[in-house]
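Subject: Structure handover: cavities, pockets and aromatic pairs

Hello,

Here is the structure for your files. My notes on it follow below.

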Amino acid sequence: MQFRYIIEPEDLKKVLQELSGEKVLFIDTEVGASKLRLFQVSAKEGEVYIIDVFELGKQALETIRELLKNSGVVGHNLKFDLRFLLEEGIKPLATYDTMIAHQLLGGEEHVKRASLREVAREHLGKIVDKSLQLSDWSMKNLTREQLEYAANDVILVRELFPVLNSKLNNISENGINLKEIPEAQVFDIKNPAVAVEMAFVKEITLLEMNGIPINEQELERLTQELSKSLNKKVMNFISLHRVDPFSPKQLSELFTKKLKLDLPKTEKGNVSTDDKALAQHIDIPAIESLLEIRSSKKSIEKLQEIKQNLKNGRIYPEFKQIGAITGRMSSYNPNVQNISRDLRHIFQANNGNILVVADFSQIELRIACEYVGEDKMLRALKEGIDLHRYTASILLSKPASDISKQERQLAKAVNFGLIYGISAKGLVEYARTYGVKLSQTDAQRLREGFFAHYNAIKQWHEKVKTQLKEHGHIRGQTLLGRYYIAQTFPDAVNYPIQGTGADLLKLSVVLFRRKDQDRAKVINLVHDEIVVECPEDKADIVSENLKEAMLDAGSRILKNVPIEVELSIAKSWKKD
């Protein structure tokens, strides 16, 4: 194995001479005691240089900074390496992650199993020993085996890059031009969805580093308030029903024997008392009380999760860039993508700062409209008509101006549920999440009315069912070009819509950061929403840049359907 271990200042100069001018560099890092120990780098052929940062200190960092400022870097799980580089002010020109490339090529298994070991085995047919990954990289004298291991990771990435990039470039293009994104040029990426994901590697690293500000006093006050309220609800429940609300066995006896409810069974044959099973009987006071108890308990657990992860008034959640096959992100430690609206006010900007919150209005409907070519929906959107009021007026046979707030909520559930083809029974359950009670008869009537009016959506669903019946699966692409494979009807109608939404969000962030490198920090992303922190006196220009970037991204992906962005500027994340 050809590698050179760099521990002398003179050798650093040689590395710079050898690799300067290389368009693409292949890199990896090893970390000891939470600090950057080794930086491994090579060109597309030749030796791997292993720079010992512990030995060479600032000189090593200055050399790496100079080396990468005009080069694209290729790595595996590059977010890990980038974090240590960005903390030292080292910013590569462009980024390419072989882990992300692998995830973009296939189905669920590719998303879930994307370690360097798995990717090398699948694409190179190599069995890789990763046991030294957990060795002590902070010890003064590293072993020959450790150095070989460090060099080998770069060689693997170097071999993977052309294989993966060639496979991704074979996915058909769709004519969307993103040539101003450096990744497209540096790595010769043909597919725009791939270019966006590779550019987003840097953005998700910064997102994790930025963290989210928390009002600790409000966090503590709210936790205590909800805990007192929960205790009261629990005591009332026990007093009324003589049942522990946290005991599935006692609850099943209460609901089946005393209240005579017909509840579904679990796989083990027990009576199901989960929220979904009980939601159908929410009009029964005991069940309404129980669901309120569970909701309060979940809120308290979320607040406790946030408190456990606090560091100097901020939380620093981790994000998976591709958390699902649709390209949607996921987050953990803590999860900040499932924060209920009544808890959001604890997320507050620090003194002198403010939050700019922007989200795409009715974006899944707009994407579905573009994807299937639904003319009636398109006409309403182009005329600036609120789509939920429009659907309500059609289904309830009354003017849009006469639609009540509750009727609009009903139409919201119908619109967002039926574009994905849910059943009448599913619509009953889904409507409850919007605070709307429906009988199954009414749900069936609404469902029939929806598909009678939006015939293009019905035809799309029928076409999907036919293709699945004939082939057993569907291979498709989002509007930006993200590849997917679907085996079921719910997946086949979900993936292109939610996948396009994920593309749109990520492209918006990439375009926004090109407009606003220094003034603002993106601190959270939730499916169709971008949360930005900035100085109060910069809020107007930041909000303008953010809106422009989101509208720009929307106009590139949706050619016919107009995009709307809703903005708020406030101290907290909570919206009015």
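The largest cavity holds about 40 Å³ of space. The model is predicted, so local features need pLDDT of at least 70 and side-chain atom pairs count only at pLDDT 80 or more, while totals for chains, interfaces and linings use all residues. Residues are numbered from 1 along each chain as its sequence is written, and side-chain values use heavy atoms, with hydrogens and water left out.

On a 1 Å grid over the protein atoms alone, a cavity is a set of points where a 1.4 Å probe fits but cannot get out; a pocket is an open set with protein on both sides within 12 Å along at least five of seven lines; lining residues have an atom within 4 Å of a point. Points are joined across faces, edges and corners, and a volume is the space filled by probe spheres set on them.

Cavities

Two cavities of 30 Å³ or more are counted. The lining of the largest one includes Gln103, Leu104, Ile322, Gly327 and Arg482. By class, this lining has six nonpolar, three polar and one charged residues (nonpolar: Ala, Val, Leu, Ile, Met, Phe, Trp, Tyr, Cys and Pro; charged: Asp, Glu, Lys and Arg; polar: the others, Gly among them).

Glu197 is in contact (heavy atoms within 4.5 Å) with Leu104, Ile322, Gly327 and Arg482, among others, leaving aside its neighbours within four places in sequence. Glu197 sits in helix α9 (residues 192–210); helices (H or I, at least four residues) and strands (E, at least two) are DSSP runs, numbered from the N terminus. Its relative accessible area is 0%, so Glu197 is buried (buried is under 20%, exposed over 50%, partly exposed in between; 1.4 Å probe, protein chains only). The Glu197 side chain makes a polar contact with the side chain of Lys506 at 2.7 Å (a pair of N or O atoms within 3.5 Å; within protein, one must be able to donate a hydrogen and the other to accept it, and residues adjacent in sequence count only if both atoms are side-chain atoms).

The second largest cavity also has about 40 Å³. Among the residues that line it are Phe347 and Trp573.

Aromatic pairs

There are 13 aromatic pairs (rings of Phe, Tyr and Trp, its six-membered ring, with centres within 6.5 Å; planes under 30 degrees apart are stacked, over 60 edge-to-face, the rest tilted). Phe161 and Phe187 form an edge-to-face pair, 6.0 Å centre to centre with 70 degrees between the planes. This pair links distant parts of the chain, 26 residues apart. Phe187 is buried, at 2% relative accessible area. The rings of Phe347 and Trp573 are edge-to-face, because their centres are 5.3 Å apart and their planes at 85 degrees. Those two residues are 226 apart in the chain. Phe347 is buried at 1% relative accessibility, and Trp573 at 2%.

About 1200 Å³ lies in the largest pocket. It is lined by 35 residues, and Arg341, Asp359, Lys412, Phe416 and Asp528 are the closest to its centre. The lining divides into ten nonpolar, eleven polar and 14 charged residues.

The second largest pocket has about 760 Å³. Of its 16 lining residues, Ser295, Arg432, Thr433, Tyr434 and Gly435 are the closest to the centre. Helix α13 gives the most to this lining, with six residues.

Regards
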